Amino acid sequence: MPMAFHHAGYVVGLFATVIIGLLCIYCMRILVRSEYELCKRKRVPSMTYPATAEAALLEGPVCLRRFSRFSIHIINVFLLIYQMGTCCVYIVFISENLHSGLQTFFDIKVDIYMTILLVPLILINYIRNLKYLTPCSTLANIIMFAGFAIILYFIFEEPLSFTNREPYGDVTNFPLFFGTVLFALEAIGVIMPLENEMKTPKFFMKPCGVLNISMGLIVAMYAALGFFGYIRYGSEIKGSITLNVPGDKLGIAVKILLAIAIFFTYPIQCYVAIDIIWNEYISHTLRSIVLS
């Protein structure tokens, strides 16, 4: 987020982050509301993202109904690209922070850390029930809050200065800002699986429900971290703010803590991709082979 603010400037970055966050929340609510309405019409308890799109097209204008079946594959492809891309970024984040935090103890390259992480990441993805992933997510959230607190300590350790900090960035860099913020805030692929597997789904969409409160906190935290992180480090900011913190014991601790937090968040991001690949394509192919 501080790198995103470096591209957009601290004034544009702050307001644009809030606007993008509100748009994300609004789109998520539209998606879930559409699922509720289509479930009533189809008389089914729940629907997946692609199934919702197919049902929406079938209920929509006549000219669009012929695209309903094709829309499933389009959405699956885009979800796979997004979720797998997110997982790749997570692996890079974990590896770079482990490398930066442990380089005084182990002289290991980043790609070696990626290789070492391969087996644990494969094993944790064998947990295919979101309810069983809840403890991992809770632990990751606790560690994430602790990491944010330590980063804020480093940011406010000395008085902040707006000297050489740009309020407005170059227009040509705004796509980088937009993409970074959207990547940080957006979780459209996991919204419906989370809502479908909640014990009390009705609390998901309430004005003070799960979606509004969680996304509101995320937008506020990310906007604050991006703003103050950029003001602290300016043009010297790196791809992850953890790489800018000092190399003392506390700095090493925050890098390792956030690497662990992202590790436990990884299976939730990968859940959608595995679900699509296995349930939508591989299992059907295997079933056809067995039956033939």
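## Confidence in the model

Averaged over the protein, the pLDDT of this predicted model is 83, and 98% of the residues score at least 70.

## Helix H2 on its own

Let's turn to helix H2, which covers residues 10–42 and has 33 residues. From its first C-alpha to its last it reaches 47 Å, close to the 48 Å expected at 1.5 Å a residue. Just after H2 comes Arg 43, with a positive phi of about 60 degrees.

## H2 against H9

Which way does H2 run relative to H9? The axes of H2 and helix H9 (residues 210–233) come within 10 Å and cross at roughly 165 degrees. Angles over 145 degrees count as roughly antiparallel, and H2 and H9 are therefore roughly antiparallel to each other. Their crossing is right-handed.

On the H2 side, the contact is made by Tyr 10, Leu 14, Thr 17, Val 18, Gly 21, Ile 25, Met 28 and Arg 29. H9 contributes Leu 211, Asn 212, Met 215, Gly 216, Val 219, Ala 223, Phe 227, Tyr 230 and Ile 231. By class, the residues of this contact divide into 12 nonpolar, four polar and one charged.

## H2 against H3

H2 also meets helix H3 (residues 49–59). Here the axes come within 10 Å and cross at roughly 65 degrees, so H2 and H3 are roughly perpendicular to each other. The crossing of this pair is left-handed.

Leu 31, Ser 34, Glu 35, Leu 38, Arg 41 and Lys 42 of H2 touch Tyr 49, Thr 52, Ala 55, Ala 56 and Glu 59 of H3. This contact has five nonpolar, two polar and four charged residues.

## H3 against H4

H3 packs with helix H4 (residues 68–102) as well, at an angle of about 150 degrees and with the axes 8 Å apart. H3 and H4 are therefore roughly antiparallel to each other, and they cross in a right-handed sense.

From H3, the residues in contact are Tyr 49, Pro 50, Ala 53, Glu 54, Leu 57 and Leu 58. They meet Ser 68, Arg 69, Ser 71, Ile 72, Ile 75, Asn 76 and Leu 79 in H4. Eight of the residues in this contact are nonpolar, three are polar and two are charged.

Notes
Residues numbered from 1 in each chain as written. Predicted model: local features only at pLDDT ≥ 70, side-chain atom pairs only at ≥ 80, totals over all residues. Heavy atoms only, no water. pLDDT = per-residue confidence, 0-100. Axes fitted to C-alpha atoms, helices over the stretch in contact; angles between N-to-C directions. Helix = DSSP H or I, 4+ residues; strand = E, 2+ residues; numbered from the N terminus. Parallel < 35°, antiparallel > 145°, perpendicular 65-115°, else oblique. Left-handed = near helix turned anticlockwise from the far one by under 90°. Contact = heavy atoms within 4.5 Å. Nonpolar A, V, L, I, M, F, W, Y, C, P; charged D, E, K, R; others polar. Expected span 1.5 Å × (residues − 1).
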